[in-house]
Amino acid sequence: MTEKKNSKRQIYLPIILAVVLVAGMFIGRMTTPSGSGQPGQRLMMYPEAGKLQTILNLIDEQYVDSVDTDELVENIIPDVLKKLDPHTVYIPPKDLEAANQELEGNFGGIGVQFSMQNDTVLVISVVSGGPSEKVGILPGDRIITVNDSVIAGVNTPTNDVVNMLRGDIGTKVNVGIQRRNKDKLLDFEITRGNIPLYSVDVSYMVNDSIGYIKVNRFARNTYQELLSALAKLKASNCQSIVMDLRQNSGGYLDIAISMVNEFLDKGDMIVYTEGVNSKRQDVYANGSGSCKDTEITVLIDEFSASASEIFAGAMQDNDRGLVVGRRSFGKGLVQQQFPVPNGGALRLTVARYYTPSGRCIQKPYENGVEDYYKDIIHRYEHGEFFEKDSIDVNDSLMYETVGGRTVYGGGGIMPDYFVPTDTTDRSEYYYAIREQGILYQFALEYSDNNRAELSEYETAEELKQHLDQQPIAKLLTDFASNEGIPFNREEFQVSKELLTVEAKAYIARNIIDNEGFYPIISEEDEVLQKAIELIKTGADSVLQTSANTNADKTQELAAAEAATIN
């Protein structure tokens, strides 16, 4: 009975993330077309205008009431694009800057990471060398005022706070800071600077030989971040890399290609693209990669899309590395961005991409956008998150890797090793704590109250050893009780280990950021643990066997051909 309840509760996570993906998934190069037409002129001057422009002109000139035709056009465009594919989108001028910032990798701001605690902005960390650090802002500070506005205790929305703190590089903003053991507000004038948006969340050594890299998007700066992460791991004698692309909805095609190139031999195909109006373009590795001899395992899930699938597909089809996790999203469409006269932009699907074996992993979208994004929910309801045999595989879309292994197209990358979603340690008590934000609030308060002591520890291992000696579970349940969630001993026992590990991980993130969070949370990461197990047991030897078998077949064919010629 408990398992059934847990499953129902879990459905909300896929729904929320699927909605986020609507705005976030695309791949392609940002380019400007050679020319763009001007808006259609008035009907009486240009009788040859298209149907849509003719109708708009008639409305403007003849309609009974006053109508803002510009606003009408803004509303019409999305409806028109819905008839195409789910990833062709129109971006209004007001949203374009924010949309581009996500993948360009920087923005103008003051350089702090903050969280709302008790209706107050609490500074979690400051960007090293950033504008706030330069003037003396510290972790644990509370921002009470921004310019002349009080933002504490007045239910200021988080987005409003972000908009007040961000701004053009070089502009100034005044903040009033409340600091522990200080009676008066501290006033700081901060000159906004260029703040990087990192796409490599973390890189660290799991053990003496296995390195881990978490990539959250394929942005303009991701390739350089990857090179830095690889250099860091290699300096620690890394022999095998786990590339985590879970929850990564994609980004720039050329960046994905550059990243794949680091792991393939010269002449190995990376990807090819083709469309009705875009001739086929094949992309091959140039042999300059720094990790051609380093083992690699790729982690994916149902929210790994587009550029993530290019990376995973290239590793899989070339028998270069194992893919572990669950079936990926299934986005095989390439977008190109075109400016439109009003200052907005159109991200238009111009081609499909295909993995080296010839797979187009784009899932169907003939039934409309809504059904397209509900596919994640359908997978959940069908049991695909929990049983490999529940995955719908189209036998007519069978392909072969370079070593002769069978892979499938038609809706995402199928992992070589399936890892189900584990709900055995979830309980109603756990979900109550998670859904009401209690776990995060507890970690913030604990970090804030113990910041001086916790800041003495510089690594996740040191911090974890300290936290292991603290009654974290008891403190968490007491905090939850005070917040209105009654203690349930039976359900707590089911989720005790998971709750404790998550609490420690969030505390560590508040002190040393992701370098503290990921090494601790990995204890409860069943997909990562499976990947480590496969690496240790040499499971990827099947790839080498396939490659050797393929090489033997090639040699046999060459010998037979030579014999025939002679």
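Are Phe 517 and Tyr 518 buried or exposed? In this predicted model, Phe 517 is buried, as is Tyr 518, and the two residues form an edge-to-face aromatic pair with 5.1 Å from centre to centre and 85 degrees between the planes. Both also belong to one aromatic cluster, which includes Tyr 204, Tyr 212, Tyr 440 and Tyr 506.

Across the whole structure, the search returns 19 aromatic pairs. One of them joins Phe 487 and Phe 492, whose ring centres are 5.4 Å apart and whose planes meet at 55 degrees, so that the pair is classed as tilted. Phe 487 is partly exposed, with a relative accessible area of 36%, whereas Phe 492 is buried at 7%.

The largest nonpolar core comprises 50 residues, and Ile 433, Phe 442 and Ile 507 have the most contacts inside it. Helix α18, spanning residues 489-512, supplies the largest share of this core, namely 11 residues. Another core, lying apart from it, has 43 residues, among them Leu 226, Ile 255, Ala 285 and Ala 307.

Cys 291 is in no disulfide, and the nearest cysteine sulfur, that of Cys 238, is 7.8 Å away. Cys 291 counts as buried because its relative accessibility is 0%, and Cys 360 is likewise buried, with a relative accessible area of 17%.

Note on methods
Residues are numbered from 1 along each chain as its sequence is written. This is a predicted model: local features need pLDDT of at least 70, side-chain atom pairs count only at pLDDT 80 or more; totals for chains, interfaces and linings use all residues. Side-chain values use heavy atoms; hydrogens and water are left out. A disulfide is a pair of cysteine sulfur atoms within 2.5 Å. Buried means under 20% relative accessible area, exposed over 50%, partly exposed in between (1.4 Å probe, protein chains only). A nonpolar core is a set of buried Ala, Val, Leu, Ile, Met, Phe, Trp, Tyr and Cys residues joined through side-chain atoms within 4.5 Å. Helices (H or I, at least four residues) and strands (E, at least two) are DSSP runs, numbered from the N terminus. Rings of Phe, Tyr and Trp (its six-membered ring) pair if their centres lie within 6.5 Å; planes under 30 degrees apart count as stacked, over 60 as edge-to-face and the rest as tilted.
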